[in-house]
Amino acid sequence: MTVMETFRSKKVLVTGGAGFVGSNLAARLIELGAEVTVLDDLFTGDLGNLPDKDSYSFVEGSVADSEVVNKVMEGQEFVFHLAARNIIISTKNPLEDYSTNIGGTLNILITARKTNPTRIVYSSSASVYGNPRHLPIVEDESLYTLTPYSVSKLAGENYCNAFYESYDIPVSVVRYSNVYGRNQDPLNPYCGVVSKFLQWSHEEKPVVIHGDGMQTRDFTYVEDVVEATLFAGINPKAVGETFNVATGQEVTVNELAGHIIKITGSQSQISHIDKRDIDNIRRRVLNTEKIRKKLRWVPEIDLQTGIKRTNEWYMSKRKETL
């Protein structure tokens with residue numbers, strides 16, 4: 001069964017659906033003909049990220065509120081759980097991180113025992129690997145959590161695995177690696193590095209890099225991430241499994257900045273400043289063989305193409321505000 005056939009006319013809940021990745025996922029599901037409900041507390045989410053308001057249902061609320069979760073999950077056939085506090089917020093306020101990322105996930109799983117969805121897909125993060133011993137990182141690499149965010153995302157994974165083993169809840173876990181692309185608004189103080197670099201390049205300001213810029217990441221375009229997440233939602237082989245979602249390409253932050261400056265035609269210069277407390281991962285690149293073999297998913301967008309597409313979106317958004 002294809003992605004289109006699976007989701008047409010199905011009731012689908014996307015938690016965190018007004019956020020960066022969540023809004024792209026929700027838009028794709030709407031395009032596929034699903035009856036989409038978005039749950040978001042709009043802490044970092046924005047309804048402007050979503051398509052026409054008549055094409056989906058919106059519930060403003062938090063996954064940390066069990067009553068809201070009980071109500072919104074009723075009748076949902078698929079649940080894509082993306083709601084979370086991100087790494088910057090989590091570091092500033094670990095208690096809020098705990099409430100949303102761990103408590104919210106537990107609320108989803110407890111409610112699923114009553115509502116019996118066809119599938120739950122939980123979005124985790126490559127941050128759970130910490131500084132790995134081996135590269136590229138496979139899913140069964142030793143895990144080492146270096147931030148409150150990575151602790152909470154791993155706790156969510158563990159609850160998903162426990163509810164699958166204990167109660168047969170059909171859960172799949174996807175670990176995202178440095179997602180970038182459309183709807184990653186640089187005006188949002190918690191956005192990722194690609195959108196910030198684009199903003200500074202267009203404004204001819206210095207492109208500021210924390211540390212020496214030789215730290216590496218596996219930057220993954222959001223459309224690829226969305227398709228991988230959908231594959232995890234439909235394939236029976238995904239139940240009870242965890243998958244890396246990445247490109248398998250290692251890129252230094254200096255190289256990323258150089259690509260963005262070149263693509264935007266900017267005269268900006270790279271500027272290095274002290275590293276941040278959260279910048280504690282030196283190298284990251286993920287192995288994607290498991291998701292390729294089990295789910296037949298491979299990334300399609302290389303870094304150059306992804307940056308160009310993100311830049312086109314950014315320029316169109318700038319025009320709207322002028």
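Let's start with aromatic pairs. Rings of Phe, Tyr and Trp (its six-membered ring) pair if their centres lie within 6.5 Å. By that rule the count here comes to five aromatic pairs. Take Phe-197 and Trp-200: their ring centres are 6.1 Å apart and their planes stand at 35°, so this pair is tilted. For the cut-offs, planes under 30 degrees apart are stacked, over 60 edge-to-face, and the rest tilted. Ring pairs also link Phe-7, Phe-78 and Phe-80 into a cluster.

A word on the source. This is a predicted model, where local features need pLDDT of at least 70 and side-chain atom pairs count only at pLDDT 80 or more, while totals for chains, interfaces and linings use all residues. Residues are numbered from 1 along each chain as its sequence is written, and side-chain values use heavy atoms, with hydrogens and water left out.

Phe-197 and Trp-200 sit three residues apart in helix α7, so about one helical turn separates them. Helices here are DSSP runs (H or I, at least four residues), strands likewise (E, at least two), numbered from the N terminus. Trp-200 is partly exposed, at 21%. Buried means under 20% relative accessible area, exposed over 50%, partly exposed in between, with a 1.4 Å probe and protein chains only.

Seven of the ten residues of α7 are buried, which leaves the helix mostly covered. Among them are Val-194, Leu-198 and Gln-199.

What does α7 pack against? Its partner is α9: α7 covers residues 193–202, α9 covers 253–264, and they pack at about 45° with axes 9 Å apart. Axes are lines fitted to C-alpha atoms, for helices over the stretch in contact, and angles run from 0 to 180 degrees between N-to-C directions. The two are therefore oblique. Under 35 degrees would be roughly parallel, over 145 roughly antiparallel, 65 to 115 roughly perpendicular, and the rest is oblique.

Which residues meet? On the α7 side they include Phe-197 and Leu-198; on the α9 side, Leu-256 and Ile-260 are among them. Contact means heavy atoms within 4.5 Å.

Last, the end of α7. Glu-203 lies in the loop between α7 and β8 (207–210). Glu-203 is partly exposed, at 32%. Glu-204 follows α7 and has a positive phi, near 55°.
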